[in-house]
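Hi,

Here is the structure I said I'd pass on. Have a look at it first, and then read my notes below.

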Amino acid sequence: MKTYDAIVIGSGPGGYVCAIRLGQLKQKTLCIEKEEVGGVCLNWGCIPSKALINAAHTYEKAHSSMATMGIKLGSVEHDPNAMQDWKEGIVKRLTGGVRGLLKSNGADLMAGTATIVSPNRIEVKKADGSVETIEATKGIVLATGSTTIEIPSFKFDGKQIIGAKEAVSLREVPKRLLVIGGGVIGLELGMVYQAFGAELVVVEAMPTLLTGVDQDCVKVVERRIQKRGGKIYKNAKAMGYEKQADGSVAVKLDVEGKPETVVTDMVLVAVGMRPNSRGLGLENVGVNIDKRGFVPSDEFGRTNVPTIYSIGDVSGPPMLAHKASKEGEVIAEVIAGHKAAKDWACIPGAIFTDPEIATAGLTAEEAQAKGIEVSVGKFPFAALGKAMAMMETDGFVKVVTDKKTKQVLGVHIVGPEASTMISEGALALEMAAFAEDIALTIHPHPTLGEAFMEAAAHAMGAAVHIV
Ligand code: FAD
């Protein structure tokens, strides 16, 4: 029987990072993958969707702002096949890179489906039907990720009723697209196809889109969807659908108790992801699975069975790639016997809508709910030279501080490059910075980062460029 120090199940951004780090720490490591190396993130999540989003943004700019800037392009056309080929090239390069990194760092990669048979042993079922038992002397890491949730009344058919996996691979843009779920994935992908000309309808069961996100930020995105002709139903449930004779789909909605029908060409179901915790044999060894299907772990990544660790989407929210990877690194150190633990002030989040939203730390409402009196500073991109030069002036930077101490509690950005700018907000929170630290840091001119400096100064009541 093969024996390793550590076995990592899953090769997404949690699993592959963990396996590489284990290899670097001279631990004999095996990483097992049942589908594609790189997991959801590299194959049909973060990277493919961001490639399409960038293509959509470029196409949109070519239509909307370039002529004003004096750049005349003639006719601008979208070729979905070329776009998909380009996107698939990126995926291939990145997944090839992951294979290379695993190899060069001494971690073995095995194709197959793993199940746990004892606290130290797994079985791997391979494509040829053979089964191999393998032992881990130090630990087994569950990095099995998550899968798209399917609604029973909207079973995926791969053509007209689809999930995110299919939505990032469309080689034809639907004329009309209805998205069930106004969360991150639904809005990101919905806006891609809206930019390429699809009539977009978003159906959200809650009273707001992007629940839990600063609603001032969300409103900016909502307005953009509507300005492009999109329709948003809130407090609305998609109940079922009927195929029409002309090939279209009539979706039945319950909008605040009233029935309504929307005819569309394609339905994207984006109601969330469910952790991959079933069928792994966890029940056999007594690993706890919570009510929502997550496998919780402590600050050392340990489940209730000490030799079994969980990281990434399967371990609990937020279901984000950078959270999975950081956990992978920390847990590799733990398994190698180093003093390490999960200890971060915040996990920033980026939403790649148009414009982008990015957040770190508490919203003003969350801080107030904790009994903290807040002082909020805000700076609009409309007042910033760089944003004007980019012709992307929608949005703002908002800095939430403790009113008494002016310590930064949260940063919320909607606007151009919000996803890049938020790293400064995350650093401020990790360093326990005060508004003054940001406001007194000289930011280069002209940059989008100046908006962060000005918003911090505004929270202190000392902004120069604000009326
Ligand atoms: P996964 O990436 O899900 O990988 C788990 C792997 O484990 C899979 O490859 C699976 O095949 C394998 N596996 C499962 N069970 C077994 C088994 N029994 N044996 C062997 N292998 C197994 N996050 C961001 O941070 N930023 C984004 O912009 C972003 N965009 C997204 C866009 C979309 C459309 C989607 C769907 C998700 C997006 N996410 C984004 C979320 C991100 O993809 C996940 O948080 C991330 O992939 C989680 O990493 P993971 O390693 O936990 O799991």
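How many bridges join strand β4 to strand β5, and do the two run parallel or antiparallel? Five bridges join them, and β4 (residues 113-118) and β5 (residues 121-125) run antiparallel. A hairpin of two residues connects β4 to β5, and Ser 118 sits opposite Arg 121 in β5. On terms: helices (H or I, at least four residues) and strands (E, at least two) are DSSP runs numbered from the N terminus, and two strands pair if DSSP finds at least two bridges between them.

Before going on, two housekeeping points. This is a predicted model, with local features needing pLDDT of at least 70 and side-chain atom pairs counting only at pLDDT 80 or more, while totals for chains, interfaces and linings use all residues. Residues are numbered from 1 along each chain as its sequence is written.

There is also an open sheet of three strands, in the order β12-β13-β14, with antiparallel pairing. β12 (236-243) and β14 (258-264) are at the edges with a single partner strand each, so one side of each has no neighbour in the sheet. The twist from one strand to the next averages 25° (axes are lines fitted to C-alpha atoms, with angles from 0 to 180 degrees between N-to-C directions). Seven bridges pair β12 with β13 (residues 249-255), and Lys 237 stands opposite Asp 254 in β13.

Now the inside. The largest nonpolar core has 137 residues, and Ile 7 and Val 141 touch the most other members. Such a core is a set of buried Ala, Val, Leu, Ile, Met, Phe, Trp, Tyr and Cys residues joined through C-beta atoms within 7 Å, where buried means 20 or more other C-beta atoms within 10 Å, exposed 12 or fewer, and partly exposed in between, with C-beta atoms placed from the backbone. Helix α6 (residues 184-195) gives the most to this core, with eight residues.

Lys 339, in the loop between α9 (321-335) and β18 (349-351), is exposed because 6 other C-beta atoms lie within 10 Å. Its C-alpha atom is 9.5 Å from that of Phe 300, 39 residues apart along the chain.

Cheers
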